[in-house]
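Open the model in your viewer and keep the selection panel at hand. The tour goes from pair to pair.

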Amino acid sequence: MKHICVLAVLHAVVAVAQPVPIEAVPADPVPGLGACKVVRPNEWVDRSGEPGPVWEILEGMGQQDRYNAVINFDLGLAQPEAWAEARAVEQLWNTGDYEGAIERLRMIGIFHDPCDIDVGMSWREPIPTIVGTDWGDNVRVGNRDSVYEIEMDRNNRTGNLFLVSVRDTGTMSAINLYMSTNNGQDWSETYNRAVSVAYINAIGAASNGDYVYVGYTRDPNQTLGRVMCFRADSGTQVRFPNDSFFRTMFQADPNDTITEIEMASADDEFPASRLYAAGCTKGRKLLWGWTDSSASNWRNNPRTAVSYCDGGLALTYNYHFQTGKPFVWATWIYNRNNDTNNVGFGRLTATDTVWYRSWFHPGFDPTYTSTTVASWGDTTCIVYVHGSGTKRYLRQIYTYNAGTSWSARNPLDTTTVREHPFISSRYGRGFQLAARQYTDTTARDLVFSRTTYAAQSWSTPWDISDYRPALADPQVMLVSPGTYGCSYIKWYGRPQDYSIWYNRSDWTGVEDVTKLHPRFGLRATFGRNRARLKFDNPRQGPVTLRVYDPAGRLVSMETRRLGPGEQELDVKVASSGVHFAVVDIDGKTETARLTFAH
């Protein structure tokens, strides 16, 4: 991709050393301080190394990364003494005493399992996505790989796009939040949460008012459905009204495990209103929670009474809500007889005290158990994978009367193998559908199609991915009038395995994308152990230079006030290899690739 990254300036969130009121549960005995045992249900990532206590993550950070990170902890169901120690560590770190913070962090192990501590890092300066020489029409989101799930949403107040991912590095799981201020042209990482002990089963995301909320599974057995809050204008993490950086949306039974999380919001039509969340458990329970605009007090009634949720969970707000009609829809896989899979669905109206629930009996391949649902007024559309083996394709179930009666059709042809559908219905522009497909025995594409709410014929699908998509649900939505954005996880091969990519329906080539980025002729010349950047400064004013290593870590940053015309800046780094220099002038940026050999 021949383009550059826009950097947003984040305000630091300074933690206060105060214990957080929690539901106290006796902690497990403190284990040894060696490697942390992790049981992961997924084996598609080549893993090496063993995870350790969270202080090893903080110890390994460079000085610039330490300064850039405002940290906070999640200790799961820890005792108040452990929480008090955690708040003291946050205070030390966020005021610059990094060594003191790491030393005191070890003391938490006296009160709580040191391998059951998450550390969240809100970046003071967001980390821009490094421009790659092999980008095509698609835009890279972040500099991370080994991603296995993504969620994307758009904030109505700011117009910013947000994408949250969960990844497995081999030594930990991690949640990352990315933000784009220009409809996906450029992305920056604003947050990273490192998890030593638990493989994070699922994440969710939804925007509401001035904030974006991220849900995730928590504690070693993944019995907690947590939620975090971020500013929509900057991507900075903020506290809830009770002074905590997270809240519990719902909780599974002690011997159960949450396997999926989905979130939705009524913000499109009722700004700063309700948030909704649903979870599916290994014990086949469907969990449910909703909250008001504060997102602090979560309610779990009415109970869903669903005890046959076998995965493929999807949740949507009913856009263009009408009084007396459903305001939220959920779909999932229902294995009724342990031999035949069905599509289960549920709905609630504003006055319901119980969930309405039912199911269809389509008989589809249980290997690809994904459903997706979108709704607009009386019209609701559910898409799932029908058939099995090389004869599986997408099937659509839809209603024009809020679920009183249903019809079925094939949204696309039945001769092409397709899976992992995702459907959206926001902003009154009809239904938009993205899905992974096989064009032959080896090639895989991500295709896009759309239709009106009247369920007329779907458009001929067109390919929207430069790379082969992974076995994971993509995300698609309307990002501006007539323009659709889609994000997906890339499969094997260069640039990186399981990295995140984004494309828009109005991007037809590299030239079109390049026009979106004003340039000022950044160029580099090299000397011994240094590089000299030359560029055309359009006017007198501040110019910021940031230097990043290949992993996206900030190495150095300086701001100078320079005059108009051709200007020069020198770059020096301590290590050999490829680095990236980002020059920011009046909010416009350009990136240069620099190679150093000491």
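A salt bridge here is a side-chain nitrogen of Lys or Arg within 4 Å of a carboxyl oxygen of Asp or Glu. By this rule the count is 25 salt bridges. This is a predicted model, where local features need pLDDT of at least 70, side-chain atom pairs count only at pLDDT 80 or more, and totals for chains, interfaces and linings use all residues. Residues are numbered from 1 along each chain as its sequence is written, and side-chain values use heavy atoms, leaving out hydrogens and water.

Select Arg436 and Glu419. Their closest N and O atoms are 2.2 Å apart. Arg436 sits in strand β25 (residues 431-438) and Glu419 in strand β24 (residues 417-424), 17 residues apart. Strands are DSSP runs of E, at least two residues, numbered from the N terminus. Arg436 counts as buried because its relative accessibility is 2%; Glu419 is at 0%. Buried means under 20% relative accessible area (1.4 Å probe, protein chains only).

Next, select Asp74 and Arg226. This salt bridge has its closest N and O atoms 3.3 Å apart. Asp74 is in strand β1 and Arg226 in strand β10, so the pair ties together parts 152 residues apart in sequence. Both Asp74 and Arg226 are buried.

Move to Arg218 and Asp118. The closest N and O atoms are 2.8 Å apart. Strand β9 holds Arg218 and strand β2 holds Asp118, so this pair ties together parts 100 residues apart in sequence. Arg218 and Asp118 are both buried.

Salt bridges with shared partners join Asp74, Asp116, Asp118, Arg218 and Arg226 into one network.

Note on methods:
Helices (H or I, at least four residues) and strands (E, at least two) are DSSP runs, numbered from the N terminus. Buried means under 20% relative accessible area, exposed over 50%, partly exposed in between (1.4 Å probe, protein chains only).
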